[in-house]
Amino acid sequence: MARWGMVIDLDRCTACQACVVACQVENNVAPSNAGQAEAGRAISWLRLVPIQGERRGTRPDLQLIPLPCMHCSHPPCIKVCPVQATKIDHEGLVSQVYSRCIGCRYCTTACPYTVRHFNWKKPEWPAPMEETLSPDVSVRPRGVVEKCSFCHHRLQRAKDKAQAEGRPLKEGDYLPACAESCPAEAIVFGDLDDPRSAVVRLSQSPRAFKLLEELGTEPKVTYLSKGEWGGQV
Amino acid sequence: MGADEPSKSFPLKVGVAFAAFFLATTAGMTALSLGGGPAFLRPAVRQPIAFNHLKHVKDLDLACNTCHVTVETETFSGLPAVEICAGCHAEPQGTSAEEKRLVKMIQDQTPLAWVSLFRQPPHVFYSHRRHVVVAKIPCAECHGGIADSTSPPLRVRKLEMKDCLACHERKKVSTDCTACHR
């Protein structure tokens, strides 16, 4: 069985935000307005977050890092969920079942990466955008928590296609929208249990580090950088 | 009519309402089975034509995918467009009144707006080709006797999560939330 993980190469990333837009469109995330953003209520499954680093030559001391859900192997969020609306599945994906969520927001507080978002209001799209929503991702109602799913609806489709063709899933069949859209190929996605996969090779790089590793959450998102960012979100 | 009259009958109405609610919920709890709860709680449907499965499937020996064209190739199976019926019914095949209505609809090119009975909520992923072709599960296991019926079911039916889970547990298939929810 696969264990899905991601590698984000910060030395390749140009902070263009194509991944941010791709994610938003793919997952029916409604655009937020300035007021919501100011109140800290803007929803974005994948954000660019500024991290302070050290200055080295011409390199700027501020690094913008793409921040999706880490899909931790020991997710703090699932421990606090009183109704098991968020769980970790057999392939390592941390799921959120919206119809099960009661909106208590313990998980948004527990998540050290601040990637969980509460729907403070009903999502709204400017016309005619609501006609372009993806049927593969349910639209979340007001009052539930949502977060990056590693586009697991794409895994459902990929498995269905592979099974129908009578073959096993192969590398590249299942890619989240962010990885697919990155023009710099800075986001790599695959099976961490497959020794031949690119994610395994890259995460063994000396440039590899994880965010807030000291918490023991064991993120399945690995970053690559020559700089010393130390993971202070 | 006195202004206080409604309040006099109020306790009785509440009592009746509670009794009805209690009966409805207990009936619901005991009668839950394939089909999505007790019939009277499910929305009624009216199909544009009273289609007779038995006649087409048994007497005429038509395969399911004559009409449900994508059942073996896609996640959804599809309900037949009027062109499929027109293949045979452009000319009357019998003498029934229902068929006359159909022939008229075909001549007028009226689209057949079939109501889907088994529709799942949008947060569920389900695939026909996976169950019908890969797992080789007979249609009747999920849809009951619809192919042997002579008129469409009168009410919406639905597979419930426990129906899906019961079989998945039995056949050692994934019961992770991520398998079905999206």
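This is a predicted model: local features need pLDDT of at least 70, side-chain atom pairs count only at pLDDT 80 or more; totals for chains, interfaces and linings use all residues.
1. **Cavities overall.** A search of the whole structure turns up 6 cavities of 30 Å³ or more. Two of them are taken up below.

2. **The largest cavity.** Its volume is about 160 Å³. The lining of the largest cavity consists of 17 residues. Nearest the centre are Ala30(A), Ile43(A), Asn119(A), Lys121(A) and Pro123(A).

3. The lining of the second largest cavity has 13 nonpolar and 2 polar residues, with no charged ones.

4. Now turn to an open space. The second largest pocket has a volume of about 620 Å³. Its lining counts 23 residues. Closest to the centre of the pocket are Lys55(B), His56(B), Leu60(B), His89(B) and Glu99(B).

5. Four helices of chain B each give two or more residues to the lining: H2 (53-59), H3 (64-67), H4 (82-89) and H5 (97-108). Which element gives the most to the lining of this pocket? The answer is H4(B), with 4 residues. By type, the pocket lining splits into 12 nonpolar, 8 polar and 3 charged residues.

6. **A sheet in chain A.** Back to chain A, where 4 strands make an open sheet. Their order is E8-E1-E10-E9, and the pairing is mixed. Why do E8 and E9 of chain A each have one side without a neighbour in the sheet? Strand E8 (187-191) and strand E9 (208-209) stand at the edges and have a single partner strand each, so one side of each is left open in that sense.

7. **The E1-E10 pairing.** Strand E1 (residues 4-9) and strand E10 (residues 221-224) of chain A run parallel and are joined by 4 bridges. For a place to look, take Val7(A): Thr222(A) in E10(A) stands opposite. In general, the strands of a sheet pair through backbone hydrogen bonds, in either a parallel or an antiparallel way.

Terms used:
Residues are numbered from 1 along each chain as its sequence is written. Chains are lettered from A and ligands numbered from 1 in the order in which they are written. Side-chain values use heavy atoms; hydrogens and water are left out. On a 1 Å grid over the protein atoms alone, a cavity is a set of points where a 1.4 Å probe fits but cannot get out, and a pocket is an open set with protein on both sides within 12 Å along at least five of seven lines; lining residues have an atom within 4 Å of a point. Grid points are joined across faces, edges and corners, and a volume is the space filled by probe spheres set on the points. Ala, Val, Leu, Ile, Met, Phe, Trp, Tyr, Cys and Pro count as nonpolar, Asp, Glu, Lys and Arg as charged, and the others, Gly among them, as polar. Two strands pair if DSSP finds at least two bridges between them.
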